[in-house]
Amino acid sequence: MPIRRLADTMVNRIAAGEVVERPASVVKELTENAVDAGATRIEVVTAGGGAALIRVSDDGAGIAADDLPLAVERHCTSKLDDGLDAIRSFGFRGEALASIGSAARLTVTSRHRDADEAFAVTVEGGRVGPVRPAALSAGTRVEVRDLFFATPARLKFLKSERAEAAAITDVVRRLALAHPEIRFALFGGDRSALDYPAATGDDALRTRLGQVMGRDFIDNALAIDAVREGARLTGYTGLPTFSRANSLAQHLFVNGRPVRDKVLLGAVRGAYADQMKSGRYPAAVLFVTVDPAEVDVNVHPTKADVRFRDPGLIRGLIVGAIREALAGSGPRSSSTAASATIAAFRPGMSRPRSNPAATAWQAPLPASGRAAPAMGFTEPAQAAYTPPPSADVRAADPVPDAAAHPLGAARAQLHETYVVAETDDGLVIVDQHAAHERLVYERLKRAMDEDGIARQILLIPEVVDLPADDVGRLMARAADLETLGLVLEQFGPGAVAVRETPAMLGAIDAAALTRDLAEQLAEWDTTDGLRTRLDQVASTMACHGSVRAGRRLKPEEMDALLREIEATPNASECNHGRPTYVELKRTDIERLFGRR
């Protein structure tokens, strides 16, 4: 067939396929236009998940009567005075209204701020009607009915009404986070109403975060403000223990524009790489601000992706800022961990044992009759003391240094796994293995950065039998492993000999460590940098070299563990993202017993 020019109606419908994917796409385009118009109030009303009705009203500058026909024509815009290299607005392509009008029944009613009356224009399936007088006090109202009536095949690709309504909610939430100074309201018979009042002042963002993300996020997030070579990163990022099952709680913005950019998402994931277990995602609201000339927002019709001129700079800024914030936060347990601990208690459900004397107490009474400050034995032969039912088992009196340290003073060890400490306003429960694993990991990383990791020579090398493929992978990385203090030599086609191990790990099961490392090397991402891979190996080593559950600790060992946790960056969670301790305030304890 000969080449021919497509009709304008067909061109608009093709463009609509790119811009108008679903009702949420329409809401995104219309609300962004309202922000560009300088609105201080934006109201969205929907019905039928947006397929039946979308109405967006604002109090912005409005559109002049003479400009209304151009507003619904393709590639007509008022936002490109400075060209594509200096885009400072949401919209600039000039095709949103034309695309929407080609697929639905569109009515645009507007009153320019300098005009005495309002005017309206309608578009049905791409056919533009005449401009006519209308009633509107200020701003613009855009009404979209019967979405995809002109392209009914698209309707079968829509999800349920509930799912489409949820997608619209997500769009409004994201834009509301970017502009706390604007009031956003979302109503409709297909949803629960949302109303985010405008926030002003220095705490405007925190106020809006509380409205959109909830108070829990504010209580478990760290402020970010960092600058690198002209690029700035601000916002809040959640504690590793405040993780989520998906990435929906990650809201990223570039020059105020919500994006789902792979560079940014990958940087956030990388910043938490050794602090969050696989399958969990951090919560974050982060704003990247750069010179518009340094970022291309014209790489996708919906402008959801961007391209940075120097992506390495942006990635480094995000990773560095988040890690610095996490390292500088000091000992801090998420409030959700404390809430889970409180919820685990069921007042009135516990029952005393029939033989109280059979209970093994970890806080034995010395001859003085006064409870010991803490309890733990290194020698297994030293059994726990079992007091008679009438024995006085009062906790030790507060020690002077309990208030001097955030994690307080050790009081007891439970089940040879958990250390209980008393603080000046509550108590802390520490998972001794998770905590020590983080401490050993940070020591290994610090040693790598300084003088190297000291090694200890095994008197008799340990031979570990492995599949030939695993042996090959270990030998290929032998130099990297030696950097971490593990020296291996090939011992035939199906074995390796462990000759030296990291001295700081002490006596370890070298065979188990080697097998774990072999499995880990098989899953390495070859695109990861050397330091990332070394950190992964160090994490595995730390797990093998840390205090295990089931080991009794002496009082001085428990206190030393608490002090090192306080002094170590990122010590609130282990290498796999599990909390190393939870804290209960005195008010939480009193609430458990009905005192509050």
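How many bridges join strand β11 to β16, and in which sense do the two strands run? The views below are of a predicted model.

**View 1. Strand β16 and its pairing with β11 and β13.** Strand β11 (residues 231-238) is joined to β16 by six bridges, and the two run antiparallel. Strand β13 (residues 250-254) pairs with β16 in the parallel sense, over five bridges. V288 of β16 is the bridge partner of L233, and V288 is also the bridge partner of V254. Strand β16 spans residues 284-289, and five of its six residues are buried, so the strand is largely enclosed by the rest of the structure.

View 2. Leaving aside residues up to four places away in sequence, L97 touches L30, A71, V72, L106 and V142. L70 is 27 residues from L97 along the chain, and their C-alpha atoms are separated by 9.9 Å.

**View 3. Packing of helix α2 against helix α5.** The axes of α2 (residues 23-36) and α5 (residues 161-178) lie 8 Å apart, at an angle of about 25 degrees. The two helices are therefore roughly parallel to each other, as angles under 35 degrees count as such. Their crossing is right-handed. From α2, the residues P23, A24, V27, K28, T31, E32 and V35 meet E164, A167, I168, V171, V172 and L175 of α5. This contact has nine nonpolar, three charged and one polar residues.

Conventions. Residues are numbered from 1 along each chain as its sequence is written. This is a predicted model: local features need pLDDT of at least 70, side-chain atom pairs count only at pLDDT 80 or more; totals for chains, interfaces and linings use all residues. Side-chain values use heavy atoms; hydrogens and water are left out. Buried means under 20% relative accessible area, exposed over 50%, partly exposed in between (1.4 Å probe, protein chains only). Helices (H or I, at least four residues) and strands (E, at least two) are DSSP runs, numbered from the N terminus. Two strands pair if DSSP finds at least two bridges between them. Contact means heavy atoms within 4.5 Å. Axes are lines fitted to C-alpha atoms, for helices over the stretch in contact, and angles run from 0 to 180 degrees between N-to-C directions. Angles under 35 degrees count as roughly parallel, over 145 as roughly antiparallel, 65 to 115 as roughly perpendicular and the rest as oblique. A crossing is left-handed if the near helix is turned anticlockwise from the far one by less than a right angle, and right-handed if clockwise. Ala, Val, Leu, Ile, Met, Phe, Trp, Tyr, Cys and Pro count as nonpolar, Asp, Glu, Lys and Arg as charged, and the others, Gly among them, as polar.
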